[in-house]
Amino acid sequence: MRRRTRTWLAVTSTMCLVMAACGDDEADAPAAPATTAAAPETETTAAAAPETTTTAAPEAPAEVTTTVPEAPTEVTDTLSASDGTGMRIAVLYDGTLDQGGWQGSMDAGTQLLVDSMPGAEVLRVEEIAPGQTAQRAMTDLAEDGYHLIIGTSTYDADMAIVSADYPETAFLHACDATVTDNMGQYCLAVEEARYVDGALAAALSETGKIGYVAAFGISFVLKPLNLFAAGARSVNPDAEVHVVFTNDWFDPNLELQAANALIDLGVDVLTYDLSSSAVPEVAAQRGAGFIGYGYDDARLQAPDSWLGGSLYNWGAAFVTTAQEVAAGTWEPGYIYGGYADGLLGYAEFGASVPAEAQDLVDSLIADIAAGDLDVFAGPIVDRDGNLVVPEGEALEFFDRAICCEWVIEGVQGEIG
Amino acid sequence: MNDWVLIQSLVVAVSTGTPVVLAGSGAILTQRSGVLDLGVEGTMLIGAVSGFWVTTSTGSPVAGLVVAVLAAAVFSMIQAVLAVSLRANQVVVGVALVILGSGLSSFIGSQGDPPVARRFSGSIFTPVFPESVHDWPAVGPLLLSHDPVVYLSWAFVAVVQWYIFRTRTGMHLRAVGHDPASADAAGLPVSGMRYLHVALGGAAAGAGGGYLTLRLFSDWFDDMTAGMGWIAVILVILASWRSLRLLVAAYAFGAISSLGFTLQLLGWNIPTELLAILPFLVVYLVMVFVSAAERRSQMPASLAEPYFRESR
């Protein structure tokens, strides 16, 4: 009897363990596609999501709203084309949507899709890990008749495999290489985002030393770092960007130590190329300023340290593609754009940011959007003194996309 | 490099090392009773999310820490039931608890209104002593600039050390972990002792997790321990199941790791990957020499072995 009780207990508790461990996958439950939000008017880029919107700073409402590019974009051109009735779209995420960061910025894009195509059925699929899970999910969705499948994480290889089997379905992937007859890519010109961020950092730094916490010294981390430094030195030619690498995409404890080491060195403005709360928290606890990158979660977490930061507007790419797919005119390619295309925005400024610095950001964004300022224009000199982009030239599209193996002058600290 | 940089590295090592010190000292209690609790990482995550929930709801970090401790202690009872009463393989149970803790904390984090994950904490633990004393040479930053949980962790380490080696119950604890059959014959409640110390270990891990959300990051996010629980388990072994040594090891680990970033910034041409493994290398080497100098192993002889009275 006693033994039987034990066995029963063992079995039930194991079951409980297993069920609890799997429990959180239920978050996959389809998000209701229903939305009654009216299709936004032409100036929709600002409607990306309430939280990440380019909203006006308290002091200077008029100027800040102009940070939304005035130039006509594909987004505004096609918005009124279709309300998406009959269209089915699925968006795949690697993690859950409760957290901000990368996933949150992507979800703001999905929300723009929902708002601007109210007739469409938009399904959010969470916790899809790259690999077999992703392939199974995409196959199921394609079988189920979804017209457009958008991946927001590193699904390139998986999507290439599945898309080959479903030529009638459109596939859209974030920032990788594969482009086929029914699979395209979308990515942001992060160099434009970081150039503006760097300029703001230099304008607000009193010591001229800016701290940058990043994960690895690899090309697509060095690109934003380089352009951040270029932006900083466009404002203050003596500005130094001090960089530390944690050698981990996610180790908040190391990020704390790295950010503290930067402040101990005399840095008074911090930024990062990561998404945990560690770096803004150090800025808050030690009285430094903080500049966001891509999302403005830190604005709420560390309001006293928050200065500003570029915002990702993935929604522009989603809506454009969805409209083209609906119209039957979609030709898979590489969507790559910045302020001019509405793919980038700017977050609300912190309360301590003076009007001149806000104007500086606005005018830089206006110049970039109008094509008057190319952040990759020469001369660009690396920190070993080599001329990487000669005067009067600028990097070509391909070189921009794969940039950078070099480190620009003004960056201090060990790389790699 | 100057003295100030060294002192600052130590100060950062103290704050980032506190979760490891708390969880590790708790794990020493658990392991001294003969139960190998590998689930520390998962237990810390439970403490982190439950503490943050309560603090963001009530505005009191103390209430958050208390709930973190209680929730983690309850969570660690899974380990106790499976490993002590049902005599399951402790390694398997421990690893399963890490996965369970990660999934469950992530689920809890998505609940509430607004969801815990979207909350921000305005109320966290703050330094005990006024700003003015933080600048006193050396002792100011090193000893007087901390929040109450850091001082609590120091007290806990001292109490654990004293309890294990200087009290009668501590001796009983070591007997249970070393030779449960003899302890049983001597009339000690083997299962009871093990249950109690698994709960104490869980509670301490919960405090460590709570410290993450209630001070260190003042925010909660998925899998925020990022391996801290495992580092605690490793340091317990390297520290020969002694809490004072664990404290030194944890701080040394954090200080070297923190100094690595300063070295990166100074540009001494040391590859950053090498700097990243430096704390592991140094702490390993030192602890290996320290344990080699001891005459016999300090490991509880029955660690990870379920006790069957019938097989006595």
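A: Let's start with handedness: α4 and α12 of chain A cross in a right-handed way (right-handed if the near helix is turned clockwise from the far one by less than a right angle, left-handed if anticlockwise). Helices here are DSSP runs of H or I with at least four residues, numbered from the N terminus. Before going on, note that this is a predicted model, where local features need pLDDT of at least 70, side-chain atom pairs count only at pLDDT 80 or more, and totals for chains, interfaces and linings use all residues. Residues are numbered from 1 along each chain as its sequence is written, while chains are lettered from A and ligands numbered from 1 in the order in which they are written.

Now the geometry. Helix α4 of chain A covers residues 101-116 and helix α12 of chain A covers 315-327; they pack at about 40°, with axes 7 Å apart (axes are lines fitted to C-alpha atoms over the stretch in contact, and angles run from 0 to 180 degrees between N-to-C directions). That angle makes α4(A) oblique to α12(A), because under 35 degrees counts as roughly parallel, over 145 as roughly antiparallel, 65 to 115 as roughly perpendicular and the rest as oblique.

Who touches whom? On the α4(A) side you'll find Ala108(A), Gly109(A), Thr110(A), Leu112(A), Leu113(A) and Ser116(A), meeting Gly315(A), Phe318(A), Val319(A) and Ala322(A) of α12(A); contact means C-beta atoms, placed from the backbone, within 7 Å. By class, this contact has six nonpolar, four polar and no charged residues (Ala, Val, Leu, Ile, Met, Phe, Trp, Tyr, Cys and Pro are nonpolar, Asp, Glu, Lys and Arg charged, and the others, Gly among them, polar).

Note on methods:
Helix = DSSP H or I, 4+ residues; strand = E, 2+ residues; numbered from the N terminus. Contact = placed C-beta atoms within 7 Å.
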